[in-house]
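Student: I have a model open and would like to understand the words used to describe it. Could we go through them one by one?

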Amino acid sequence: MKTVFSPITSTASRAGRAKSLSIVTLVGIAGAALLYFHAARSPEASETAATPAQAGVNNLPAPSERPDTVSSNGTQPIAITKDKVKFIGLETAPARRGDWPERLRVTGRLELNESKVAHVSSLVEGVIREVPVELGQTVKRGQVLAYIDSREVGEAKLNLVKHQLQFTSAKRTSEWHKTIHENAVALLKALRDGKTLDEIETAFRDRPVGTYRKQLVSALARLSQAETDFQRIRKLGTKGVIPEKEVMRARTEHEAAEATYRALCEQIRFDAHQKALEARQQLQAAEAAIAISRSQLLILGYSEQDIDSMDPIAESERVAYYPLRSPITGTVIAKNAPLSQHVDEKSELIEIADLSTVWLRADVFEKDLGAIRGLQGESVTFQVGSYPGQRFTADVFTLGDLVDDETRAARLLAIADNSDRLLKPGMFVDIELTPRNDANVLQLPAAAIQRHAGATFVFVANGADKFKRRDVKLGRSTSELVEIREGLTDGECVVVNGGFALKSEMLSELMVEE
């Protein structure tokens with residue numbers, strides 16, 4: 001049977017054989033290189049191996065003859081010569097605790113200190129007549145910002161004057177009736193004690209008793225006359241000079257006069273007390289009317305001193321002018337008070353802000369909330385583009401307790417001193433947040449960290465020329481530093497440069513063992 005070879009088939013066969021030979025050759029070269037590297041490293045092998053061809057697998061020391069500084073898991077110390085340490089540039093440094101250099105930076109905004117902003121509006125309805133302040137002007141607490149012509153204010157002031165006059169009159173009336181009552185009681189006591197009319201006249205000559213004096217004296221005179229007549233007639237009747245019926249008549253007149261006198265005394269005592277009580281009640285009503293009038297003015301914003309010094313009569317046509325005063329010391333930052341404009345309590349006329357402090361507001365995203373934990377009451381540093389290189393500080397007074405559903409951020413608020421007025425509300429700032437838990441962090445240079453087979457480790461110096469692998473658990477990291485959570489203690493000396501060469505050394509030992 002005749003076999004025919006196609007040129008295409010022959011060419012493919014040759015290409016496949018060439019490719020297979022190339023792969024075998026590369027594998028052989030790689031194996032020889034690895035064995036040669038091991039032979040060059042091993043002192044015993046270097047003494048017996050003259051050429052690379054003699055560095056075969058059969059010339060490797062038996063496991064029992066290998067140095068005890070190499071183990072199957074790479075955790076035993078690795079010994080290298082001082083010359084090789086110098087050659088590979090190996091450097092060590094101690095692991096140290098210190099402040100973590102990474103800082104959380106967020107963008108914030110300066111705002112008015114809301115606790116020191118006053119939106120001033122009129123408490124009364126009226127018309128603006130005067131505005132003695134300008135936009136940007138600094139005003140003091142209590143300074144007049146505007147004058148409002150208000151009927152309500154004019155009526156309140158005039159009512160106060162009226163009630164003050166009524167009070168003055170009621171006070172005089174009350175004092176008069178009180179004196180009359182006291183003197184009337186004293187007069188009745190004198191009469192009850194049997195004082196004569198001459199003695200009573202002398203004692204009460206300068207003491208006002210009102211109409212009670214005349215009534216009592218007249219009643220007492222009639223009683224005295226009736227008593228005298230009765231005694232005279234009774235004596236004559238006992239002698240039989242006059243009939244008995246005349247004696248009875250005289251007795252009746254005497255008793256009637258005595259009853260009239262006693263009734264008058266009781267009536268005077270009651271009337272004097274009642275009139276004094278009524279006068280005192282009228283005085284109290286006048287006092288209440290004044291208190292109500294003053295309260296109305298206090299509600300309108302007047303102070304006690306303003307009311308005490310108020311003279312509505314002397315104010316004339318300005319009696320209805322209501323002074324709109326500043327509730328705080330600050331700067332006029334908004335003004336909407338044109339003259340002759342009608343205003344009421346809903347009209348915001350002037351806005352005043354105390355700019356000696358400003359608020360710093362920043363939104364901290366949910367992923368960064370752990371970093372700012374504990375910043376309550378601490379300071380943060382920020383910079384403003386208007387002042388390059390200059391840093392400002394603010395004291396954090398609230399960390400947002402709520403995360404916004406849309407932005408997924410919590411609001412941080414801090415207060416900054418602005419006594420020099422460099423900071424302007426509305427400015428955007430760059431904030432550097434320094435978490436409190438960034439102090440006392442165990443850290444190493446990032447070059448010290450080695451990784452293999454899912455493990456993270458470092459090489460710890462174990463003497464002058466020996467190094468031992470130590471697995472570590474990492475925390476945060478930057479381009480230069482890493483945080484060590486577990487595996488090292490403060491002060492342990494670690495390879496920070498040349499660790500890759502030690503890692504290659506360790507891996508070569510493991511490959512030889514295999």
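Student: Where is Asn 113 found, and is Asn 113 buried or exposed?

Tutor: Asn 113 is in the loop between E4 and strand E5 (117–121). Helices (H or I, at least four residues) and strands (E, at least two) are DSSP runs, numbered from the N terminus. Buried means under 20% relative accessible area, exposed over 50%, and partly exposed in between, with a 1.4 Å probe and protein chains only. Asn 113 has a relative accessible area of 2%, so Asn 113 is buried. Keep in mind that this is a predicted model, where local features need pLDDT of at least 70, side-chain atom pairs count only at pLDDT 80 or more, and totals for chains, interfaces and linings use all residues. Residues are numbered from 1 along each chain as its sequence is written, and side-chain values use heavy atoms, with hydrogens and water left out.

Student: What makes the meeting of Asn 113 and Ser 115 a polar contact?

Tutor: A polar contact is a pair of N or O atoms within 3.5 Å; within protein, one must be able to donate a hydrogen and the other to accept it, and residues adjacent in sequence count only if both atoms are side-chain atoms. The side chains of Asn 113 and Ser 115 make such a contact at 2.5 Å.

Student: How do you know that strand E4 pairs with strand E13?

Tutor: Two strands pair if DSSP finds at least two bridges between them. E4 (residues 104–112) and E13 (residues 357–365) have five bridges, in the antiparallel sense.

Student: Why is the pair of Trp 359 and Phe 397 called tilted?

Tutor: Rings of Phe, Tyr and Trp (its six-membered ring) pair if their centres lie within 6.5 Å; planes under 30 degrees apart count as stacked, over 60 as edge-to-face and the rest as tilted. The centres of Trp 359 and Phe 397 are 5.3 Å apart and the planes are at 45°, so this pair is tilted. Trp 359 is in strand E13 and Phe 397 in strand E15 (residues 391–403), so the pair ties together parts 38 residues apart in sequence. Trp 359 has 11% relative accessibility and is therefore buried, whereas Phe 397, at 34%, counts as partly exposed.

Student: And what makes Tyr 302 and Tyr 322 edge-to-face?

Tutor: Their planes are 75° apart, with 5.8 Å centre to centre. Tyr 302 lies in the loop between helix H7 (244–299) and helix H8 (304–308), and Tyr 322 in strand E9 (residues 321–325). Tyr 302 is buried at 8% relative accessibility, as is Tyr 322 at 4%.

Student: Why is strand E9 called largely enclosed?

Tutor: Four of the five residues of E9 are buried, so the rest of the structure largely encloses this strand. E9 also pairs with strand E8 (residues 144–149) over five bridges, in the antiparallel sense.

Student: How do you know that the charged end of Arg 109 sits over the ring of Phe 428?

Tutor: A charge sits over a ring if NZ of Lys or CZ of Arg is within 6 Å of the ring centre and within 35 degrees of the ring normal. Arg 109 is 5.4 Å from the ring centre of Phe 428. Arg 469 lies over the face of Phe 457, at 4.2 Å from the ring centre.
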